[in-house]
Amino acid sequence: MKKAGIKHDWITYIPVDYSNESWVDKLLGAGFDKTKKTLFLWQSVSLYLEADIVKETLRKMADLCVDGSIIAQDFYSKAFMLGEISKIAKKNMSIIEKMGEPWKFTINMSNDPKAAVESFLKECGLKMTEYIQFGEKLDIEPFYCIVEAEKL
Ligand SMILES: C[S@@+](CC[C@H](N)C(=O)[O-])C[C@H]1O[C@@H](n2cnc3c(N)ncnc32)[C@H](O)[C@@H]1O
């Protein structure tokens, strides 16, 4: 960002391991103002976590944010993780696994992907407000989606 000339002094970086630490305590300890509207952008992280951690993290985001806040994130399908959609992706996943970050969390998108994702978010105390599905136009099973949600 320095090289690109983008002002970044105002950004606070907080390292956290979602599986073993409280990101909420860390965020609040670093001065997070929970009275303000927030955009939680949790992109391509949940796939590396256990399902219970993903649920707990999303529930905590819902608890922490005021009305008007947005939680945005993506989800991969179970079939994609199993290598049923793309062999190249499966190969890349096994390389990443060897680097110590195996894929863990996905959603079964084989039947009604939108309903499956919506229902998962509901379990986390969230209402889906935007849903973008990848795969349909390629005439393959939907394998990935990006969503926006707000607290129920
Ligand atoms: C595919 S990258 C996405 C990074 C960034 N959000 C983006 O979209 O460019 C996945 C990130 O998840 C992080 N990650 C994996 N397991 C984690 C954990 N238990 N706690 C915190 N971060 C984790 C990895 O270190 C990596 O930075």
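**View 1. Four strands form an open sheet in the order S1-S2-S4-S3.** The pairing in this sheet is mixed. The model shown here and in the other views is predicted. Strands S1 (39-42) and S3 stand at the edges. Each has a single partner strand, so one side of each is left without a neighbour in the sheet. From one strand to the next, the twist averages 20 degrees.

**View 2. Strand S4 pairs with S2 and S3.** Strand S4 covers residues 144-151, and strand S2 covers residues 70-76. These two strands run antiparallel and share 6 bridges. Strand S3 (residues 126-134) also pairs with S4 in the antiparallel sense, here over 8 bridges. Strands of a sheet pair through backbone hydrogen bonds, either parallel or antiparallel. Glu 148 of S4 is the bridge partner of Ala 72. Glu 148 is also the bridge partner of Glu 130.

**View 3. The whole chain gives the setting for the close-ups.** The protein chain has 5 helices and 4 strands. From the N terminus on, the elements run α-β-α-β-α-α-α-β-β. Along the principal axes, the C-alpha atoms fill a box of roughly 45 × 35 × 35 Å. The chain holds 152 residues, and buried residues make up 34% of them.

**View 4. Lys 55 and Glu 123 form a salt bridge.** The closest N and O atoms of this pair are 3.0 Å apart. Lys 55 lies in helix H2 and Glu 123 in helix H5. The pair therefore ties together parts that are 68 residues apart in sequence. Lys 55 is partly exposed, at 24% relative accessibility. Glu 123 is also partly exposed, with a relative accessible area of 40%. Side chains of opposite charge can pair when their charged atoms come close. The count for the model comes to 5 salt bridges.

**View 5. Lys 104 forms a salt bridge with Glu 50.** Here the closest N and O atoms are 3.8 Å apart. Lys 104 lies in the loop between H4 and helix H5 (113-123). Glu 50 lies in the loop between S1 and H2. Lys 104 counts as partly exposed, at 36% relative accessibility. Glu 50 is partly exposed at 41%.

**View 6. Within helix H2, Glu 56 is 4 residues from Lys 60.** About one helical turn separates the two residues. They form a salt bridge, with the closest N and O atoms 2.9 Å apart. Glu 56 is partly exposed, with a relative accessible area of 39%. Lys 60 is partly exposed too, at 31%.

View 7. The disulfide count is 0. Cys 65 is in no disulfide, and the nearest cysteine sulfur, that of Cys 124, is 13 Å away. A disulfide needs the sulfur atoms within 2.5 Å. Cys 124 is likewise in no disulfide, its nearest cysteine sulfur being that of Cys 65. Cys 65 is buried, with a relative accessible area of 3%. Cys 124 is buried as well, with a relative accessible area of 1%.

**View 8. Ser 44 has a positive phi, near 55 degrees.** This positive value occurs in a residue other than glycine. Ser 44 is found in the loop between S1 and helix H2 (51-64). Its relative accessible area is 27%, and Ser 44 is partly exposed.

**View 9. Met 1, Ile 6 and Tyr 13 form a nonpolar patch on the surface.** Together these residues have about 340 Å² of accessible area. Ile 6 sits in the segment before helix H1 (23-29). Ile 6 is partly exposed, with a relative accessible area of 45%.

**View 10. Leu 82 lies in the loop between helix H3 (78-81) and helix H4 (87-98).** Leu 82 counts as partly exposed, at 47% relative accessibility. Leu 82 and Ala 51 are 31 residues apart in sequence. In space, the two are 16 Å apart, C-alpha to C-alpha.

How values were computed: Residues are numbered from 1 along each chain as its sequence is written. This is a predicted model: local features need pLDDT of at least 70, side-chain atom pairs count only at pLDDT 80 or more; totals for chains, interfaces and linings use all residues. Side-chain values use heavy atoms; hydrogens and water are left out. Patches are made of residues with over 30% relative accessible area and no salt bridge: like charges are joined within 9 Å, nonpolar side chains (Val, Leu, Ile, Met, Phe, Trp, Tyr) within 5 Å. Accessible areas come from the Shrake-Rupley method with a 1.4 Å probe; for residues, only the protein chains shown count as cover. A salt bridge is a side-chain nitrogen of Lys or Arg within 4 Å of a carboxyl oxygen of Asp or Glu. Buried means under 20% relative accessible area, exposed over 50%, partly exposed in between (1.4 Å probe, protein chains only). Two strands pair if DSSP finds at least two bridges between them. Axes are lines fitted to C-alpha atoms, for helices over the stretch in contact, and angles run from 0 to 180 degrees between N-to-C directions.
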